[in-house]
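Hi,

Here is the structure I said I would pass on.

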Amino acid sequence: MRDSRETFVNHAFVTGYPVKHSRSPLIHGYWLKQFGIEGSYRALEITPEAFPDFMRQLEDETAGFCGGNVTIPHKEAAFRLADRPDDLSAELGAANTLWLEDGEVCATNTDGRGFVANLDERAKGWDRISTAVVLGAGGASRAVIQAIRDRGVKAIHVVNRTPERARELADRFGGAVHAHPMAALAETMSGAGLFVNTTSLGMDGEQAPAIDFSPMAGDAVVTDIVYVPLKTPLLRQAEEQGFRIVDGLGMLLHQAVPGFEKWFGRRPVVDETLRQIIISDMDKHA
Ligand code: ATR
């Protein structure tokens, strides 16, 4: 017989608006089954107006949640409304993972950890670089910049269509981060060991601009946080030009690991079966 506490604390969620396209239930459902854990992970669509009430209600043990993920457009509000946001989420001003401790809502952001874990898995040694180029200056860009700075990359060139947004990130993330307009892209790529696309360019098969990756170091890695399609136009170009490429799906899979461990007490592994489950789902909705 299970005690009542157990039945209360084994439910996790992903909330967004909209949220029906989220693949997180597939990821956590796979791990729950793999470990044989009696828990659940559900998508909850919550409007921005209702989100503050949802955050308050999390603290009520009878609601039955152990924590969950937060996605667009709630990441900033989740950070602001959490009782105990950690340093990573505080620097980003956004949280994607919540859990309960002593009746208080704790928050972190695992996007950056997912990003570097994906590179660690698929491009071993990627961090022996001194210079990286990050294209884009939105929310996703922040997590990437923070994570590669924290791994010790000495110079991070943020290139953005709207240069002020890149400058804001350079101010926020300190001396290693430099802001540039689009026109400076080729120059910033000179000798760089990592190129990260964080913009929506080329998403869902849209046209992407032609990029000449040849100024980069010969063993440079090119990666994209967009994973639909898996091989984005930018990745295709980089591959054709002879560069190592890493697709963005692994970031999604790896960012889920710390949350699962917090809620369910077991550290899951990103394996090929899980990757294929998500790829099949992408094919189904293509
Ligand atoms: P996210 O939070 O997912 O990163 P975002 O905050 O909307 O999304 O940021 C999108 C990024 O893609 C921005 O860097 C944006 O450039 P601007 O800051 O100039 O808007 C970039 N982006 C989107 N469409 C683009 C395009 N057609 N050309 C160049 N950059 C583009």
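Below is what turned up, starting with the domains and ending with the ligand.

A quick word on the basis: this is a predicted model, so local features need pLDDT of at least 70 and side-chain atom pairs count only at pLDDT 80 or more, while totals for chains, interfaces and linings use all residues. Residues are numbered from 1 along each chain as its sequence is written, and side-chain values use heavy atoms, with hydrogens and water left out.

The protein splits into domain 1 (6-109 + 251-284) and domain 2 (113-247), with bounds that come from an automatic or database domain assignment. Their centres, taken over C-alpha atoms, are 26 Å apart. Where the two meet, 17 residues of domain 1 are in contact with 19 residues of domain 2 (contact means heavy atoms within 4.5 Å). About 1600 Å² is buried between them, and carbon and sulfur atoms give 53% of that (buried area is the accessible area, with a 1.4 Å probe, that two parts lose on being put together, summed over both). On the domain 1 side, Glu91, Leu92 and Met251 supply 41% of the area buried against domain 2, more than any other three residues.

The interface of domain 1 and domain 2 also has two salt bridges (a side-chain nitrogen of Lys or Arg within 4 Å of a carboxyl oxygen of Asp or Glu). Arg275 and Asp247 form a salt bridge, with their closest N and O atoms 2.7 Å apart.

Now the ligand. Which residues come nearest to it? Of the 13 around it, they are Ala137, Asn160, Arg161, Thr162 and Arg165 (near means a heavy atom within 4 Å). A ligand oxygen is 2.8 Å from a polar backbone atom of Ala137. For the side chains of Arg161 and Arg165, the distance from a ligand oxygen to an N or O atom is 2.9 Å.

Cheers

How values were computed
Polar contact = N/O pair within 3.5 Å; in protein donor to acceptor, adjacent residues only side chain to side chain.
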